[in-house]
Amino acid sequence: MDRGPAGGRRVDLELMRTPPPKERADAARNRAKVLEAAAALFARHGVESVSMDAVATAAGVGKGTLFRRFGDKAGLAVALLDERERDLQNAILSGPAPLGPGGGDAAVRASERLHAFADAYLDYVLDHLSLVRMSETASPGARYRIGAYGFWHRHLTILLDQTVPDAEATAHGLLAVLGAEHLTAMVESLGRERARAAVHTLFDVAGGVV
């Protein structure tokens with residue numbers, strides 16, 4: 001049975017949650033304008049076809065301001081994904097079972113929470129595949145420097161620790177198949193449903209079907 005992220009484990013996971021940006025009200029308004037403009041342009045033209053110049057013009061800010069704030073288009077992608085990642089993290093920490101711990105006394109099986117995570121994470125990535133891919137591949141190792149990766153890894157480690165001898169290593173292995181670059185290749189070759197089914201098969205094997 002799933003013992004859940006109790007005690008220090010839950011505290012660790014809470015501390016790893018992606019924090020919302022802390023900024024002045026005027027900076028927050030400008031940030032919102034930029035992200036709204038970027039999201040609209042990306043949706044209309046595709047991520048690869050949109051330049052930083054186009055985003056700056058649409059948002060009504062200077063190009064220098066945009067580069068100082070976000071660095072490059074990958075930085076914009078990370079900022080656009082932050083809120084969606086926080087929503088998923090909050091659901092894992094305190095949402096209804098099986099993705100979250102739920103509010104009842106009945107324990108949730110580790111396998112149920114593993115598969116709920118796989119489904120929720122796939123929904124998130126596949127709905128924003130180009131953005132996630134850009135954020136993860138902007139530079140070597142970019143995916144592992146994004147704070148959210150540590151959160152996903154810790155969550156899976158906590159669940160897998162009950163059923164496999166090296167949960168930490170296995171969690172890395174499962175997250176590897178959820179990388180945006182890998183999922184892009186799978187979806188292009190197999191389609192979304194077969195890619196999703198393959199991920200769940202791997203989660204079954206890794207989790208010992210508990």
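**View 1. His-153 and the residues it touches.** Leaving aside residues up to four places away in sequence, His-153 touches Glu-168, Ala-171, His-172 and Leu-175, where contact means heavy atoms within 4.5 Å. This is a predicted model, so local features need pLDDT of at least 70, side-chain atom pairs count only at pLDDT 80 or more, and totals for chains, interfaces and linings use all residues. Residues are numbered from 1 along each chain as its sequence is written, and side-chain values use heavy atoms, with hydrogens and water left out.

**View 2. A closer look at His-153.** You'll find His-153 in helix H9 (helices are DSSP runs of H or I, at least four residues, numbered from the N terminus). Is His-153 buried or exposed? His-153 counts as buried because its relative accessibility is 11%; buried means under 20% relative accessible area, and exposed over 50%, with a 1.4 Å probe and protein chains only. Its side chain also makes a polar contact with the side chain of His-172, at 3.2 Å (a pair of N or O atoms within 3.5 Å, one able to donate a hydrogen and the other to accept it).

**View 3. The cavity.** There's one cavity of 30 Å³ or more here, and about 110 Å³ of space lies in the largest cavity. A cavity is a set of points on a 1 Å grid where a 1.4 Å probe fits but cannot get out, and lining residues have an atom within 4 Å of a point. Of the 14 lining residues, Glu-85, Tyr-124, Ser-135, Glu-136 and Ile-146 are the closest to the centre. Helix H5 gives the most to this lining, with four residues.

Technical notes:
1 Å grid on protein atoms, 1.4 Å probe; cavity = no way out; pocket = protein on both sides within 12 Å on 5 of 7 lines; lining within 4 Å. Points joined across faces, edges and corners; volume = space filled by probe spheres on them. Helix = DSSP H or I, 4+ residues; strand = E, 2+ residues; numbered from the N terminus.
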